[in-house]
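Work through the exercises below with the sequence and the model at hand. Each task is followed by a solution in steps.

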Amino acid sequence: MKYSYFNPTAIQFGEGQIKTIVNFISKDQKILVVYGGGSIKKNGVYDQVCTALEGYIWSEFSGVEPNPSVETLNKAVAIIKNEKIDFILAVGGGSVIDGCKYLAAAALYDGDGWDFLEGKVVEKALPMGAILTLPATGSESNANTVISKKATNEKKYFGSPLLYPKFAVLDSTVMSTLDDRQLANGLVDAFVHTCEQYLTYPNTSLLHDGYAQTILKGLHVLAQDWQNRKTPLWQENLMLLANQALNGFIGSGVPQDWATHMIGHEITAFYGLDHAQSLATVQPHLLRVMIEDKQEKLTQMGKEVFNMPHNYEMVIEAIEYMYQSIGVPTKLSAYKTDDKVIENITKALEGHGLTALGEKENITLDKVAEILTMSLKA
């Protein structure tokens, strides 16, 4: 093993932690509070933020949509530049937090912020913090962001050590107003994130494998305990598990896949599926197509996560059943698409230079077509 691991985000976990944001923001900083559709005004989060920021100079920007678009975010960039904002406070789920990372980079850049999605290196960024309301992506304590461009049906990602939030507030009591779709998406999202860093080929790290298996096992327990999803204990566990699934550690020094995400991003860009929904329609079929490459880790996962030793094919069915049991379909045929799915997705991947996916870079466009064909079957 050989790796560097760095995560500077301070985690403020537990009930009532929103008030602690004042420990990280100076009163001489002008703050822009960024949120989505306004649910934070229904669950009490907005009021808590207002109370915490009493005596501060701050303004707000709302309307960041799921799968945040550069078109919406550039409106906020203009505000930040015009009002000389010093600090960005993201209040929401992964989409809002991802959007704020884009804002942090674009605000100090003279060109088009989409350049970062095309490979431009972030040289400087505004500081930001996050108050998490929807656990799923782990964006609150990692340095990556995924942004969409509506005009061209693109969904791309970039990252930089300069984009780690200074702090992340994880208070699971704010989850009380989330609906079943949001909770299920969060669970699936975290499960797939962990799989992308685990379901590859055997490595030598007992700690990384054990840690990933603990996260997967915990998420499986929550899926089995779905009837208690509205309880504080269930929601607290989802918030912590989703955070640890993608804070950078379990993927350090081990092979990683991410093909499910690359294909899923294109599905969302073209057909508007939620991020987790797109992942669930790809992953089981990708595992079947690549089953020989992943046989050893699937066997290990079966033993350690699902208590199904020596039956790696059944593990894929167990994953699929878990998603379906909480209301997330595993077939593209369950959603409104068109007869150009395979053409659209493979051409988009080719256009983005993503023609050799997976931990061994052997998931070709032909295999992508095979995966999508499976998913499109009723």
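**Exercise 1.** What covers the buried residues of α2?

Solution. The model is predicted: local features need pLDDT of at least 70, side-chain atom pairs count only at pLDDT 80 or more, and totals for chains, interfaces and linings use all residues. Residues are numbered from 1 along each chain as its sequence is written, and side-chain values use heavy atoms, leaving out hydrogens and water.

- Step 1. List its buried residues (under 20% relative accessible area, 1.4 Å probe, protein chains only): V70, T72, L73, A76, V77 and I80.
- Step 2. Look for contacts (heavy atoms within 4.5 Å). The cover includes β2 (31-34), β3 (58-61), β4 (87-93), α3 (94-106) and β6 (144-149).
- Step 3. Check the other side of α2, where K75 and N82 are exposed (over 50%).

**Exercise 2.** Describe how α4 and α7 pack.

Solution. 

- Step 1. Take the axes, lines fitted to C-alpha atoms over the stretch in contact, with angles from 0 to 180 degrees between N-to-C directions. For α4 (residues 180-196) and α7 (residues 259-271), the angle is about 135° and the axes are 9 Å apart.
- Step 2. Classify: under 35 degrees is roughly parallel, over 145 roughly antiparallel, 65 to 115 roughly perpendicular, the rest oblique. The two helices, α4 and α7, are therefore oblique to each other.
- Step 3. Name the contact residues: D189, V192, H193 and E196 in α4 meet A259, T260 and H261 in α7.

Conventions:
Helix = DSSP H or I, 4+ residues; strand = E, 2+ residues; numbered from the N terminus.
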